Amino acid sequence: PLLLKATLLRLASGSYRPFYNGFYYNHIMNDNGDGQDKVDYFNGAKLVVETSKDPVYSYSGANVTLPCHYHYEPDMGPKRKIRIKWSKLRDDYTKEQDVMVAIGKTYMAFGDFKGRVHLRQASRHEASLVISDVRLKDDGKYRCEVIDGLEDESDVVDLWLQGIVFPYQPPRGQYRLNFHEAEQVCQDQGAILANFNQLFQAWSEGLDWCNAGWLADGTVQYPIRLPRKPCGGVHLAPGIRSYGPRHRHLHRFDAFCFSSALKGEVFYLDRLAGMTLEEAKQSCQDAGAEIARVGQLYSAWKFLGLDRCNAGWLADGSVRYPIVTPRANCGLAEPGVRSFGFPSKGRFGVFCYKER
């Protein structure tokens, strides 16, 4: 009680000194390891980091620059030696994947980004990230973080790959894939599991599909443009229907895959009597190519305008054909990739893929 009373008297008199714990906000340790600390008192300058407010668009195989600049308010004159860190974020911002860190001209890249990223520092206070040979998994949010002593500011930029979402069922039928199998079948078809933003974009462009499929975050959803009874009911508005997160091992659904633009071309081969699947694979090899995968056919249809009313084999054993301009005897009255399923017998042409 006496100590408390004395403390209150000191506070009331205004004669006390502020508490000091031996560490200022901008108290920076030196690099000599000699125990002699350097105190860099706050000079009133504010660090500001800015990236693009609009998404940056690219496609698979391209090179892309994610802009990032920083400055001080007020300007502090010559460039200081700062640390730059780029990270890739999940859509919900809960986890980060290190992309690269840099101090001056020294930098280190991580994981799948090794050998594919570097900083562009063409102007003063620039910290833009250059990604070479963009991959499907590069789509997403990136954080540009600038660290100057204990000053640490960042901003986020979106990288959106131009691509196409397509629903996929394996040969053995509907709702046969757990999450990990869905990831694999998309990879087998030259694609990856789509994320929600990609599915939403596909829905806004007209995708309507009543079968539920896995997305990259482990949720199960499906896009509906025309409400109907088997697809959530006629009284629900159009939109993305969601089952929420499902058990990744036990629950089984279809998959929504995402593929981007191609580095090569898809072309059609045929014989007068058609071909079996094995003959089709050999025909593509003879032409210096390989039998096309489903994702490659969808990409060629959307980005290269591939339009063919003849059905052809694909690598997964399915038979499909792409229609840009609907016409008589070519299926529905809307553009799309038509499917004959996975015929166990029959002779067809083949779609081949060849790198440029």
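**Burial, pockets and core**

Mentor: Of the protein's 356 residues, 42% count as buried, meaning under 20% relative accessible area with a 1.4 Å probe and protein chains only. This is a predicted model, where local features need pLDDT of at least 70 and side-chain atom pairs count only at pLDDT 80 or more, while totals for chains, interfaces and linings use all residues. Residues are numbered from 1 along each chain as its sequence is written, and side-chain values use heavy atoms, with hydrogens and water left out.

Trainee: How many helices and strands does the protein have?
Mentor: Five helices and 25 strands. These are DSSP runs numbered from the N terminus, with helices being H or I of at least four residues and strands being E of at least two.

Trainee: What is the volume of the largest pocket?
Mentor: About 1,200 Å³. A pocket here is an open set of points on a 1 Å grid over the protein atoms alone, with protein on both sides within 12 Å along at least five of seven lines. The volume is the space filled by probe spheres set on the points, which are joined across faces, edges and corners.

Trainee: What lines it?
Mentor: There are 29 lining residues, with K88, R90, K137, D139 and A216 nearest the centre of the second largest pocket. They divide into nine nonpolar, five polar and 15 charged. α2 gives the most, with three residues.

Trainee: How many cavities of 30 Å³ or more are there?
Mentor: One, from a search of the whole structure. A cavity is a set of points where a 1.4 Å probe fits but cannot get out. The largest cavity holds about 40 Å³ of space, and D91, D139, G140, K141, D158, W160, N195 and N197 line it.

Trainee: New topic. Which residues have the most contacts inside the largest nonpolar core?
Mentor: W86, I131 and Y142, in a core of 88 residues. Such a core is a set of buried Ala, Val, Leu, Ile, Met, Phe, Trp, Tyr and Cys residues joined through side-chain atoms within 4.5 Å. Its largest share, five residues, comes from α5.

Trainee: Is α5 enclosed or open?
Mentor: Eight of the ten residues of α5 are buried, so this helix is largely enclosed by the rest of the structure. Among the buried ones are Q296, Y298 and W301. Just after α5, G305 takes a positive phi of about 70°.

Note on methods. On a 1 Å grid over the protein atoms alone, a cavity is a set of points where a 1.4 Å probe fits but cannot get out, and a pocket is an open set with protein on both sides within 12 Å along at least five of seven lines; lining residues have an atom within 4 Å of a point. Ala, Val, Leu, Ile, Met, Phe, Trp, Tyr, Cys and Pro count as nonpolar, Asp, Glu, Lys and Arg as charged, and the others, Gly among them, as polar. Buried means under 20% relative accessible area, exposed over 50%, partly exposed in between (1.4 Å probe, protein chains only).
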